Amino acid sequence: MPHKRADHWEHIDVNDIAGCWNWTAALRAGYGQMWTKRNIHRYFYVDIFGEIPAGLDLDHLCRNRRCCNPWHLEPVTRRENILRGKTIPARNFAKTQCDKGHPLSGENLYTWNDDRGRSHRRCKTCAKATLKASLDRRKGPRRSGPIEAVV
Ligand SMILES: [Zn+2]
Ligand SMILES: [Zn+2]
């Protein structure tokens, strides 16, 4: 018997989009399970954001395996997922600094929503540095030799 989307939403306890969506039906290895035996969090992610890039796993940024909130999921490589699960508990979930250590808050924080409604956060200092580097490259003298690798 084909299941409709509503069947899955019935088993979700949604209090707030920012909070965890706890799956209240069957679990397998701590992950919510749906009738197709696929993990339910993948279902919700695909439903809202579209395909998961090939070869990537969904990492729970909130580290709550029964959570199905797509905003708490991020596609990562399997290796990265295992690594994070062991060593970085919830650090990425509420990142307060960029990879270079600039504060992700106040004036330095740039946030926007993409056309799929997904919100992004970006460090302004790093964004400017990237922009400047690409402008500098364009202004630079023309080279006839082999093109340098762009880092
Ligand atoms: Zn969550
Ligand atoms: Zn930065």
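A residue is buried if 20 or more other C-beta atoms lie within 10 Å of its own, exposed if 12 or fewer, and partly exposed in between, with C-beta atoms placed from the backbone. Residues are numbered from 1 along each chain as its sequence is written, while chains are lettered from A and ligands numbered from 1 in the order in which they are written. This is a predicted model, where local features need pLDDT of at least 70, side-chain atom pairs count only at pLDDT 80 or more, and totals for chains, interfaces and linings use all residues.

**Exercise 1.** Work out where arginine 63 is found and how exposed it counts.

Step 1: arginine 63 is in the loop between E5 and strand E6 (73-77); strands (E, at least two residues) and helices (H or I, at least four) are DSSP runs, numbered from the N terminus.
Step 2: arginine 63 counts as partly exposed because it has 16 C-beta neighbours inside 10 Å.
Step 3: look at the backbone too, as phi of arginine 63 is near 65°, a positive value in a residue other than glycine. Most residues other than glycine have a negative phi.

**Exercise 2.** Do likewise for aspartate 47.

Step 1: find aspartate 47 in helix H2 (residues 40-49).
Step 2: its 13 C-beta neighbours inside 10 Å are why aspartate 47 counts as partly exposed.

**Exercise 3.** Find where confidence is lowest and highest among the elements named here.

Step 1: pLDDT is the predictor's confidence in each residue, from 0 to 100, and its mean for the protein is 71.
Step 2: confidence is lowest in helix H1 (residues 5-10), at a mean of 62, and highest in strand E5 (residues 56-60), at 87.
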